[in-house]
Amino acid sequence: MFQDREKISGHQALMLILAGGIGNIFVVMSIPAVKEAGRNGWLSVLLGYGIAAVLGLILVKLGLRFPRKTIVQYLPKVLGTVPGKFLGLFYILGWWGMTGIIYRENAELVRFFLPQTPVILISVFMALLVVYAMRQGFEVFARTAELLVPVMIIFIIFGLVAVIQEIDFKTLLPVLENGLGPVIKGLQYQLPYAMETVLFMALWLPCLSSQKNAARAVALGVPAAGLLLTVMVAMTIAFLGTELASHLVYPIYYMLRYALVGYFLTGLEAVFIILWLTSSYLEILVFFYPGVIGLAQWLNLKDYKPLIMPMAAVTVALSMVPHNVVEMLALDSLKNPTILLPLSMLIPVTWFVAVLRKIRED
Amino acid sequence: MTKKVLAVCSSILLFLMVSSGCWDSVELDRRAIISAAAIDLEDKTGRIKVTLHITRPNALARGTDGGGGQQEPVWVVSSAGYSLQDALKSLTTYTGRELFWGDNRILILGKKAAEKGIFPFIDFMIRDEGPRSRMLLLVTEGEAGKILTTRTEGKLERIVGIELERLVRNYTSASRSVLVDLHDVISKFSRGIISPVASRIELVESKMEGDGGEKGSQKEIRVDGAAVFKGDKLAGWLNAPETRGYLWITGDVGRGVILVKPPWKGGGTTPVNLNIRRASGIIKAKMKDGKPVIVIEVSEESELEVLPRGADLDRPGVIQSLERRQATVIKNEIKACLRKAQQEYKSDIFGFGEEVRRQFPAEWKKIEEEWGEIYPHLEVAVQVRAKIRGTGLLVNPVHPE
């Protein structure tokens, strides 16, 4: 099976967590944050990643009970065959559907620069890369993450530093003028964004060569991603004001376009496109892996590789479902409370049941 | 072996196909690079008239020695339509090239267009992927297109757009105008309670006499003062001292000269010149009997530059008296600006409302609805701390008796 053949190191685990935690979320996350919590949207992000870190540690505890099994395999053992299998299917189909949205997000932004080019062509090219990387195996993906994630983080920090002189942080005040209510309401979008990486980890946790490293990777990776994104969302709100921050399709793109480095260097959006394609590649694989491998394990197949091509074709086709960018953004927001939030709640529930019933792998 | 060659060849072919930009490749010689744009509202028809400066790269490349540089470096085109997009689209029918907005530096709006509301133009500039929000916004009292179509003299740059951008970006050297780009405007719309301002640009005619006694006149472009918006509609103008009043409040004064009357006898009509070195302004909100009160704290440091006859700085109290006069000048400029903005235009360009919300969020919710009525009668206290720090290399002036 998948987890017996492919092994990753502790450092690669950290990079995978960051890849899922930052992913391409940084481009879209400030919109629902501002829509729900207004000027305090950044607090939702901070809180969301804080909770995700705790849930991630619970997942590691749960994973230690089944060191050789993925979540799809141990769910029937813990919750009983029928409900476990059913929830496993929900997990698989959820990721599967969401992969389509990520493909479309990637294509929509590229389409902004290539308005005449058919959207599906961009997705097909991306899918070719994804299929190629996936056929090489999980270790290869982990190594590309090891290579690309630091580049991505450096680019994001570079972009933020480039606009920091234009920002008046006073506009973030007053903090919490409407109480904690809106911030908690914003969590329904922000917690799922933060949980993407933890839920992905539920799949690759048994691949980790030394299980001790798992807790360290979560405790380091999730808060680091959270802090970076909190700073980013706070800067977005301070720079754009609440209305523009929630009405722009890609607030970060707008900020980088405005940035001026050293009074002569503009046009940092070129950096953004590199950043965007890199992060999209990582994010699509983060979403695609659980669907493919989960399905193979759910059906008790010996190998997952024959599933890659047909499922890639299906996800690209799914990416064409939204008619326009507005529907795409609505779907992206909708997936959070409907798919990712129940899945996030599944983790503490499963752990609780496992502890209660004293179930662990022999 | 053959397999390897085939793989390399096909990947090169694929790379060539992909890197050319697919359906959307636009070569440089198919682009019309815009360097300045002006938007007007036509009186009779109500149509939008747009005037553009398009750079001629060939004319620029030939150099200034006159060898082949008969061509003007910019090409002025204009067209009208029922919306900005409409006007631009009909432009492409005779420029024959795709308009490229990425290098546009300035956007000039005519008075009529600005009075009707600048929101649709700003919306286009932000929504379209071409224009950059770093583009400067200027408003003129007359027709904006005229500024781009009139041949002007006395420029250092060959492209008017770049010349104008330098002019406005250098505003801090005199503190007579404001520096506002599209992002400033749209982020103020986004923040809600605060209204934008913009630089004011005008065409001035100056008379000159030639060597042979023939008289002529030349036209110059000047950026002086500011336009005040209320929401997205032009409400009125600030002249240069009032604009500096605005800059004192927002803390954006760079350099500039303050003229005060000498406090000693025998100076004649020569004023004392004070050169501004640094300045800062803070807006604070307070609550007095349940009503918001604004306190503006300005502190400034300057250096003496020109002293009239009879000056004796060694005498105690002279510097202090100059400082007091300096503070009065600053205060008057601020008050003049406040009067215009509060009573005449009723436009909150300083962000007073934002400051109240920031410091008294609970009270703000009660008065938010009536802010439009409260603002013109808002009590504003101005506190100015003006200091004279230096006198240059001389203390007292040296003049023949």
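Guide: We will go through a few features in turn, keeping in mind that this is a predicted model.

Visitor: How is a pair of aromatic rings described, and how many aromatic pairs does the structure hold?

Guide: A pair of aromatic rings is described by how far apart the centres are and by the angle of the planes. Over all chains, the structure holds 20 aromatic pairs.

Visitor: What is the geometry of the pair formed by B:Tyr246 and B:Phe350?

Guide: B:Tyr246 and B:Phe350 form a tilted aromatic pair, with 5.8 Å centre to centre and 40° between the planes. Because B:Tyr246 lies in helix α9 (residues 240-250) of chain B, and B:Phe350 in the loop between α10 (318-344) and α11 (352-359) of chain B, this pair ties together parts that are 104 residues apart in sequence. The two residues also belong to one aromatic cluster, which is formed by B:Tyr246, B:Phe350, B:Phe352, B:Trp364, B:Trp371 and B:Tyr375.

Visitor: Where does the charged end of B:Arg134 sit?

Guide: The charged end of B:Arg134 sits over the ring of A:Tyr258, at 4.3 Å from its centre. In chain B, the charged end of B:Arg47 sits over the ring of B:Tyr82, at 6.0 Å from its centre.

Visitor: How many of the residues in helix α12 of chain A are buried?

Guide: Helix α12 (residues 251-258) of chain A is mostly covered, since eight of its eight residues are buried. Among them are A:Tyr253, A:Tyr254 and A:Tyr258.

Visitor: How are two packed helices described, and at what angle do α7 and α15 of chain A pack?

Guide: Two packed helices are described by the angle between their axes and by the distance between the axes. Helix α7 (residues 81-113) of chain A packs with helix α15 (residues 325-357) of chain A at an angle of about 150°, and their axes are 10 Å apart. Angles over 145 degrees count as roughly antiparallel, and α7(A) and α15(A) are therefore roughly antiparallel to each other. The crossing in which α7(A) passes α15(A) is left-handed. The residues making the contact include A:Leu87, A:Phe90 and A:Tyr91 of α7(A), together with A:Val325, A:Met328 and A:Leu331 of α15(A).

Visitor: Where is B:Pro262 found, and which residues is it in contact with?

Guide: B:Pro262 is found in the loop between β10 (257-260) and β11 (272-288) of chain B, and at 11% relative accessibility B:Pro262 counts as buried. Leaving aside neighbours within four places in sequence, B:Pro262 is in contact with B:Thr270, B:Pro271, B:Val272, B:Pro308 and B:Arg325.

Visitor: How many helices and strands does chain B have?

Guide: Chain B has 13 helices and 13 strands, and 47% of its 401 residues count as buried.

Key:
Residues numbered from 1 in each chain as written. Chains lettered and ligands numbered in written order. Predicted model: local features only at pLDDT ≥ 70, side-chain atom pairs only at ≥ 80, totals over all residues. Heavy atoms only, no water. Phe/Tyr/Trp six-rings, centres within 6.5 Å; stacked < 30°, edge-to-face > 60°. Helix = DSSP H or I, 4+ residues; strand = E, 2+ residues; numbered from the N terminus. Lys NZ or Arg CZ within 6 Å of the ring centre and 35° of its normal. Axes fitted to C-alpha atoms, helices over the stretch in contact; angles between N-to-C directions. Parallel < 35°, antiparallel > 145°, perpendicular 65-115°, else oblique. Left-handed = near helix turned anticlockwise from the far one by under 90°. Contact = heavy atoms within 4.5 Å. Buried < 20%, exposed > 50% of the residue type's maximum accessible area, 1.4 Å probe, protein only.
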